[in-house]
Amino acid sequence: SGDAFPVGTTTVTYTATDIHGNTETCSFTVTVVDNTKPVITGCPSNINLTSTGGNPATCTQIATWVAPTAADNCGVATFVSTHNSGDAFPVGTTTVTYTATDVNGNTQTCSFTVTVVDNTKPIITGCPSNISVNTGTGNTLCSQTATWTAPVATDNCAVATFVSTHNPGDVFPVGTTTVTYTATDVNGNTQTC
């Protein structure tokens with residue numbers, strides 16, 4: 001009585017022997033069940049990042065954190081994570097989960113999220129300058145064709161649509177017409193020229 005017993009079932013046997021060599025025994029078992037989950041300390045808080053249109057322009061972002069630690073009264077067998085500090089995360093919310101399992105199969109988890117927001121507008125390069133054209137002598141219509149080199153749109157995450165109200169070679173009426181190019185990226189950010 002008072003001994004320490006390991007996890008599992010241990011048989012305790014008492015044996016009595018009299019002075020003539022006769023013996024009698026009695027036995028019972030002590031069963032120790034480990035139902036204590038590992039303890040995870042230092043679980044990181046949620047992380048919020050913004051994609052960048054800088055140089056270099058990137059859509060994914062690197063997230064870093066100090067990894068938590070795991071301890072258990074019987075011993076930690078495995079401590080794994082779905083992601084590691086220093087991994088690249090896409091736009092949106094990703095859940096990072098650490099799972100500790102002790103030597104007797106008890107598990108504990110800790111989770112946090114990494115959220116990457118894309119608020120970088122597309123970049124439109126080569127937007128044409130204002131154009132003036134004349135109807136010209138002998139032109140029986142009160143309009144004229146205008147041409148230009150179309151601009152180009154780029155984005156750190158990708159351009160979803162790039163549309164224009166008019167195209168090079170369209171016919172324009174007398175007066176001033178505004179031509180607008182609109183670039184929209186895959187995350188809904190827009191830029192116009």
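**Strand pairing, disulfides and aromatic contacts in a predicted model**

Strand 14 and strand 16 (residues 181-185) run antiparallel and are joined by 5 bridges. The structure is a predicted model, in which local features need pLDDT of at least 70 and side-chain atom pairs count only at pLDDT 80 or more, whereas totals for chains, interfaces and linings use all residues. Residues are numbered from 1 along each chain as its sequence is written, and side-chain values use heavy atoms, with hydrogens and water left out.

Strands (E, at least two residues) and helices (H or I, at least four residues) are DSSP runs, numbered from the N terminus. Two strands are taken to pair if DSSP finds at least two bridges between them. Strands of a sheet pair through backbone hydrogen bonds, either parallel or antiparallel.

Another open sheet contains 4 strands in the order 4-10-9-7, and its pairing is mixed. Its edges are strand 4 and strand 7 (76-81), each of which pairs on one side only. Neighbouring strands of this sheet are turned against each other by 15° on average, direction ignored. Strand 4 and strand 10 run parallel and are joined by 4 bridges; Ile47 has Val114 in strand 10 as its bridge partner.

Cysteine pairing was examined next. A disulfide is a covalent bond between the sulfur atoms of two cysteines. With a disulfide defined as a pair of cysteine sulfur atoms within 2.5 Å, a search of the whole structure finds 3 disulfides. Counting bonded cysteines along the chain, the disulfides follow the pattern 1-3, 2-5, 4-6.

Cys43 and Cys110 form a disulfide with their sulfur atoms 2.3 Å apart. Cys43 lies in the loop between strand 3 (39-41) and strand 4 (47-50), and Cys110 lies in strand 10 (residues 107-117), so this pair ties together parts that are 67 residues apart in sequence. The torsion about the S-S bond of Cys43 and Cys110 is about 90°, and the disulfide is therefore right-handed. Relative accessible area was used to class residues as buried (under 20%), exposed (over 50%) or partly exposed (in between), with a 1.4 Å probe and protein chains only. Cys43 counts as partly exposed at 31% relative accessibility, whereas Cys110 counts as buried at 8%.

In the disulfide of Cys59 and Cys157, the sulfur atoms are 2.0 Å apart. This pair links distant parts of the chain, 98 residues apart: Cys59 is in the loop between strand 4 and strand 5 (61-62), and Cys157 is in the loop between strand 13 (152-154) and strand 14 (159-164). The link of Cys59 and Cys157 is right-handed, with 95° about the S-S bond. Cys157 counts as buried at 15% relative accessibility.

Cys127 is joined to Cys193 by a disulfide with an S to S distance of 2.3 Å. Cys127 lies in the loop between strand 11 (123-125) and strand 12 (143-145), and Cys193 in the segment after strand 17 (190-192), so the pair ties together parts that are 66 residues apart in sequence. The link of Cys127 and Cys193 is right-handed, with 90° about the S-S bond. Cys127 is partly exposed, with a relative accessible area of 38%, and Cys193 is partly exposed at 22%.

Aromatic contacts were defined for the rings of Phe, Tyr and Trp (its six-membered ring) with centres within 6.5 Å; planes under 30 degrees apart count as stacked, over 60 as edge-to-face and the rest as tilted. The count comes to 5 aromatic pairs. The rings of Trp65 and Phe112 have centres 5.1 Å apart and planes at 75°, so this pair is edge-to-face. It links distant parts of the chain, 47 residues apart, with Trp65 in the loop between strand 5 and strand 6 (69-71) and Phe112 in strand 10. Both Trp65 and Phe112 are buried. The aromatic pair of Trp148 and Phe172 is tilted, at 6.1 Å centre to centre and 55° between the planes. Trp148 lies in the loop between strand 12 and strand 13 and Phe172 in strand 15 (residues 171-173), so the pair ties together parts that are 24 residues apart in sequence. Trp148 and Phe172 are both buried. Trp65, Phe89 and Phe112 form one aromatic cluster.

Notes: Axes are lines fitted to C-alpha atoms, for helices over the stretch in contact, and angles run from 0 to 180 degrees between N-to-C directions.
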